[in-house]
Amino acid sequence: MAQAMTTDAGSHHASALDTPPTSAGAQLRARLLNALQTAVPGCQVLTGEENLAPYETDALPVYRQLPLMVALPDDESQVQGVLRECRRLGVPVVPRGGGTSLSGGATPMPNSLVLSLARLTRVLEVDPLARTATVQPGVRNIRISEVAAPYELYYAPDPSSQIACTIGGNVAENAGGLHCLKYGLTVHNILRVKAISMDGEVLEFGSLAPDAPGLDLLALLIGSEGMFAVVTEITVRLIPKPPVAKLVLASFDDVETAGDAVAAIIGEGIIPAGLEMMDKPAIAAVEAFVHAGYDQEAAALLLCEADGNREEVAEEVARICAVLQRHEVRDVQVSSNEAERLKWWSGRKNALPAAGRLAPDYFCMDGSIPRRAIGKLLKRIQGMEEVYGLQCLNVFHAGDGNLHPLILFDGNDADQLRRAEDFGADILERCVELGGTITGEHGVGIEKLNSMCVQFTPAERETFLAIKRAFDPAGLLNADKGIPTHARCAEYGHMHVSGGRLPFPDIERF
Amino acid sequence: MPLPAVTSSPVLERLREQIGAARAAGGMLRIRGGDSKSWYGNPVPGPVLDVRDYAGVVAYDPAELVITARCGTPLAEIEATIAQNGQMLPFEPPHFGPTATLGGCIAAGLAGPRRAYAGAIRDYVLGVTIMNARGEVMRFGGQVMKNVAGYDVARLMAGSLGTLGVILDVSLRLLPVPVATHSLRFVMDENQAIETLNHWAGKPVPMSASAWHEGELLLRLSGSKAGVQSAIAQLGGDLVADDGSTAYWQALREQTSDFFAPSATALWRIAVPPTTPALALEGAQWLEWGGGLRWWRTPEPAAEIRRVAERAGGHATLFRRGTNTEGGLPAFSSIPGPLAAIQRRLKAVFDPTGIFNPCRIDPRF
């Protein structure tokens, strides 16, 4: 989503201001623009509504806000310069990578500067012996595996948006993907991060050594939704590419049986490389879109991948199939070649665009629950479809217990939007009730702020707010994301009753 | 159902009272579990806050690969419980004595031989409940593998050495014990061992531990039967008998061999990037973790040891003081200025008046 514009009228290097100040926002913009032109003369800055429009939202387009301006630094010192000037003038900063956040993590704050890292796209070093790659934050996730490929190495976390999302954004969100069960999340695959604080200080988190002295701030930084510091350099761990991968495709007549089969595979002591599940509406949607060859009569589909060397994979596939046979499976197939394996995966990987064909808008929820509760939650979601009058497709990382219900709606219909938001919040609260969490890998952003009020006590939220202040005392860095204010939770608590039905449904709310 | 939030019990009330009294008096507390690792880190002044009687497994469902247990639970009890279901703590923590507790294990953040190939403690921490210096009980993270709601305070607790609060309970991800494990022995010099271990780590070889000492490289392979057998055929070396192999890795994990026995010379733990060639230090060495961890018995001055470690991009910990070690020497390499300021502010978030284990990590907080 992030794009660099080089020749538009609103693109400045050292030009005069083109918009006369007409309001407090415009005055602030003029002061900031002058400050940046003086202090960071080489840094490109975008203003003007037509230039800012691509930055007003991310992959959650129901939330929109035009920023004051967008800065597109070319190097670390420009990032530092921009942050220092914003800090001096008290301008909020919203860092942005590929703009693929599904939780509104890159939505601009009012009167903010969007700091796009889209031009920091250099791969600085690949060290095959140490199995590391050091890259700038704007490097796309998939590119890391591409540059590592000649050494038969790759970067494991593979969010579905991996062709577009950046590693900087992955660090901010602790992104997951399809293979986390065996290979971990972003936090398990990052060794070292260089970042600039809101005060303009250069910070180095982690180490190329196994650990660093003091508290493990790297673990705290990863997943902090760009609220602690702006990442400028990342060293990732590369791992050997498994020579062989085989995908087992199994269909079931009942979602609960499929859920039980998932628990049984794990209970057997098998850690598959991927263990994904889709329900019937999701199967129908993707089959119509990519023709992956799925069993459309099935109530649920499991995709279970084994990887490693040839002997290991053969052994694991046999064990997986044996477990499946004990769980009333309708049909089991094992991929016979790479083309077939990729075709089967393409269905799962295209679930979101397939949902996009069925309705003008969808919310992709991201609850996480203990695996044993999968069947129970799916049944609850089916009931909610009737309550809210909206359709929901379910795809999920079954091995991790991480569900992605896709709620279909039309955002131009205010009532549908409200019902979709309530539907989503209802699902997330059921996840908390089942011993899970409101977000497994997409982040809180602005989308799930209200649900944070449900998952955490006031003392826990105060701890989060205080941690934020420890990194960013002025509260300027992406400060409206991730953690709700106490006032917001008080408001939400007043108007919220469970089941998604609000008291006084007719009054206007904001 | 979510685990019930226990915010009050006789033990918790006792802890809360002791913490409140210390806070009111402007005092300090040394948090102690089984007292098996009190020698680790800088010495802590203040009376003991004993947390051993907050104990027991809270939840364990083998099919979920997650256990939740209280801080005072003996580490040996946790390991025995999960072993009955063919599961293990993947980071293979050292106990350093039969009294070791789960809380102490998490607070110390020390991992064993499997660390280089399976990950650190923090990689397996899913959630914690803590008590802060105000006596508030708070939960962070949870019992599920994927969880990005709120900042990752749970992982921050691993290795925090009790400086942020009392770790009341912890939820850990477990892994199945691999079906097959065998060890191989090779004769090679140090630099050749470092190069070889890094080279193998870039190949799909199911390694689970490695160590080099006095010209001998030991490699442990763990995985499926077929995977381990094919690696043995591919790598060569001498197969070590199973009981010898188990004893070797156990002795390394618990540091029971002569090399690690109490001595006049300090034991240094030097963590460096794994490809770092042999360090230019005098003395004896045991290398682990694919080259990333180097244990040294060296008479060289602390400043020189730290300079060598830091020049290589790592750091040096005074792990066990020797009888000749000068008093007052800080246990850990110095934390760089801007990070130290953040760490000091973070400590204040949980413990504003500095009650819990002051100076244990850094004399500044």
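Into which domains is chain B divided? Domain 1 covers 10-176, domain 2 covers 180-254 and domain 3 covers 258-320. The model shown in these views is predicted.

**View 1. Domain 1 of chain B meets domain 2 of chain B.** Taken over C-alpha atoms, the centres of domain 1 and domain 2 of chain B are 31 Å apart. Nine residues of domain 1 of chain B touch nine residues of domain 2 of chain B. On the side of domain 1 of chain B that touches domain 2 of chain B, five residues are nonpolar, two are polar and two are charged.

**View 2. Chain A contacts chain B.** Chain A gives 78 residues to the contact, and chain B gives 71 residues. Several helices of chain A each supply at least two residues of the side that touches chain B. They are H7 (217-221), H8 (255-267), H10 (310-325), H14 (414-433), H15 (449-455) and H16 (458-471). H16(A) supplies the largest share of that side, eight residues. By class, the side of chain A that touches chain B holds 39 nonpolar, 24 polar and 15 charged residues.

**View 3. H8(A) crosses H10(A).** The two axes come within 9 Å, and H8(A) and H10(A) cross at roughly 140°. H8(A) is therefore oblique to H10(A). The crossing of H8(A) and H10(A) is right-handed.

**View 4. Residues of H8(A) meet residues of H10(A).** From H8(A) come Ala261(A), Ala264(A) and Ile265(A). They meet Ile320(A), Val323(A) and Leu324(A) of H10(A). The contact of H8(A) with H10(A) has six nonpolar residues, with no polar and no charged ones.

Terms used
Residues numbered from 1 in each chain as written. Chains lettered and ligands numbered in written order. Predicted model: local features only at pLDDT ≥ 70, side-chain atom pairs only at ≥ 80, totals over all residues. Contact = placed C-beta atoms within 7 Å. Helix = DSSP H or I, 4+ residues; strand = E, 2+ residues; numbered from the N terminus. Nonpolar A, V, L, I, M, F, W, Y, C, P; charged D, E, K, R; others polar. Domains from an automatic or database assignment. Axes fitted to C-alpha atoms, helices over the stretch in contact; angles between N-to-C directions. Parallel < 35°, antiparallel > 145°, perpendicular 65-115°, else oblique. Left-handed = near helix turned anticlockwise from the far one by under 90°.
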